[in-house]
Number of protein chains: 2
Amino acid sequence: MRRTTPSMPARLSASAFALFAQQGIDGVNLDQIAAHAGVTKGSLYWHFRSKHDLVKAACAHYYRTYQRRINEEITHLTDPAERLEHTLEVAVRTCLLDEANRVFTMEIFTLSVHDAEIRRGWQQFYDSVRAFYIGLVKAATLAGALRVGDPEQAVNLMLAAMEGIKLRALFEPDICSPAEEARVREGLRDILGLPPHHPAPLRARRPSRKSAIPIPAGMA
Amino acid sequence: MRRTTPSMPARLSASAFALFAQQGIDGVNLDQIAAHAGVTKGSLYWHFRSKHDLVKAACAHYYRTYQRRINEEITHLTDPAERLEHTLEVAVRTCLLDEANRVFTMEIFTLSVHDAEIRRGWQQFYDSVRAFYIGLVKAATLAGALRVGDPEQAVNLMLAAMEGIKLRALFEPDICSPAEEARVREGLRDILGLPPHHPAPLRARRPSRKSAIPIPAGMA
DNA sequence: CCCTCTCCATACTCGCCAGTATTTTCCGCC
DNA sequence: GGCGGAAAATACTGGCGAGTATGGAGAGGG
């Protein structure tokens, strides 16, 4: 499938992403990143002007990977509801359950506090994600597959919940374990107004009062 | 009210917190922190063994400040519902609307990813906060002031929403502007099952479908 | 009046790492 | 084959900042 071997800038971006996500941006130096990509720092500086440049490239790598994956996964689907459902499923798997992605976003968030350029980049990405979801929800609504008061509001709530879960996963890794995938996904589906995917959930839960972010009870 | 001038370790902790929250942990060096407290690095190292120690002290400063403020604010209240309501109000003002606190927690979260000790400290603090809220909710429920299915679940959802809002505030500062204080607070009250504080909200909103984290609509 | 202990200041070391300068290699091409 | 340029390696610089060594000042106290 892959036509050519990835270009050196692409490899370096990927290495930067991988190491940043593993040891933190400040915990990695340029020699390590270059080594990870199989070259040395001299070559790295041929392609990038500074570490800051590399951080931006790592972000771009993340954006590209995310968008490409979603596209690949739903491009063959035509039913609006299925498209929405599958997108959510992929997002949960890649954004929440993948620890590298969680850590990387965390790093970028903190960096964003003090770096307007990085912040604007992420903001743009985030806006595109939101717009994408809103489009999916509206399409699904038109097709009569779900009923939701305000699509924008619902999507915003769902995305905020995702961020909240991400954060909590830091302190309670079980929340985002593969074993919990179903519960997380169902919680988010619920927020978007989608019916439960498994008609009979694995674990009986009391008829929940309102939209509930699935957080394991046993943690105190 | 203040009996004695604060001890030097306390002043250093406070300075560390202030500067960390302003410029980030990696963006501040020990000379700056010492200078902010009116001493020099030599003295700093008399009280703390390392920068890591100082970070822990800054966290402890945050914990203390938070808990003391809440206590002071509700100690004179006896009605369970009022205690819960006032706690929420203070939390919104100090955790969400105060940018320094937002930035500091962000920094600590990222640090927590790679530092088990800091992580455990925060986890403990977080547990105590959750337990505190659950106690308040249960008391208010017993007093018949509110009806909520599962207090633990509601509190968890509310706290997760808080974190989500904090994160989004990074990219949309308006969310946590003083002007939005009321909306944020009402949204969280709603999650906890508390009735709206102002019977007639300033701005008419459609009868919300389910518990809605108040996120301004105009952002796309 | 000296001794010591606490607390704080000055001055220094030393390693790390982003960034730069200089070479070397590899290729396409005339 | 030798020329030129892209891409990579090697070797170096320079600054920053955590941590240390040391040197007082002041307070008690014997």
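B:Lys56 is partly exposed, with a relative accessible area of 30%. The side chain of B:Lys56 forms a salt bridge with B:Glu117, at 2.8 Å from N to O. This pair links distant parts of chain B, 61 residues apart: B:Lys56 sits in helix α4 (residues 51–74) and B:Glu117 in helix α7 (residues 116–142). The model is predicted, and over all chains it holds 26 salt bridges.

Surface near DNA strand D

- DNA strand D is surrounded by 15 residues, the closest being A:Thr40, A:Trp46, A:His47, B:Leu30 and B:Lys41.
- By class, this surface has 6 nonpolar, 7 polar and 2 charged residues.
- Helix α3 (41–47) of chain A and α3 (41–47) of chain B each supply at least two residues, and α3(A) gives the largest share, 4 residues.

Phosphate contacts

- For the side chain of A:Ser43, the corresponding distance is 3.4 Å.
- B:Leu30 contributes a polar backbone atom, 2.9 Å from a phosphate oxygen.

Other salt bridges

- A:Lys41 and A:Asp31 pair through their side chains at 3.7 Å, N to O.
- A:Lys41 lies in helix α3 of chain A and A:Asp31 in helix α2 (residues 30–36), so the pair ties together parts 10 residues apart in sequence.
- B:Asp127 and B:Arg130 form a salt bridge with closest N and O atoms 2.4 Å apart; both lie in helix α7 of chain B, 3 residues apart.
- B:Arg130 is buried at 2% relative accessible area, whereas B:Asp127 is partly exposed at 28%.

How values were computed. Residues are numbered from 1 along each chain as its sequence is written. Chains are lettered from A and ligands numbered from 1 in the order in which they are written. This is a predicted model: local features need pLDDT of at least 70, side-chain atom pairs count only at pLDDT 80 or more; totals for chains, interfaces and linings use all residues. Side-chain values use heavy atoms; hydrogens and water are left out. A residue is near a molecule or strand if one of its heavy atoms lies within 4 Å of it. A polar contact is a pair of N or O atoms within 3.5 Å; within protein, one must be able to donate a hydrogen and the other to accept it, and residues adjacent in sequence count only if both atoms are side-chain atoms. Ala, Val, Leu, Ile, Met, Phe, Trp, Tyr, Cys and Pro count as nonpolar, Asp, Glu, Lys and Arg as charged, and the others, Gly among them, as polar. A salt bridge is a side-chain nitrogen of Lys or Arg within 4 Å of a carboxyl oxygen of Asp or Glu. Buried means under 20% relative accessible area, exposed over 50%, partly exposed in between (1.4 Å probe, protein chains only).
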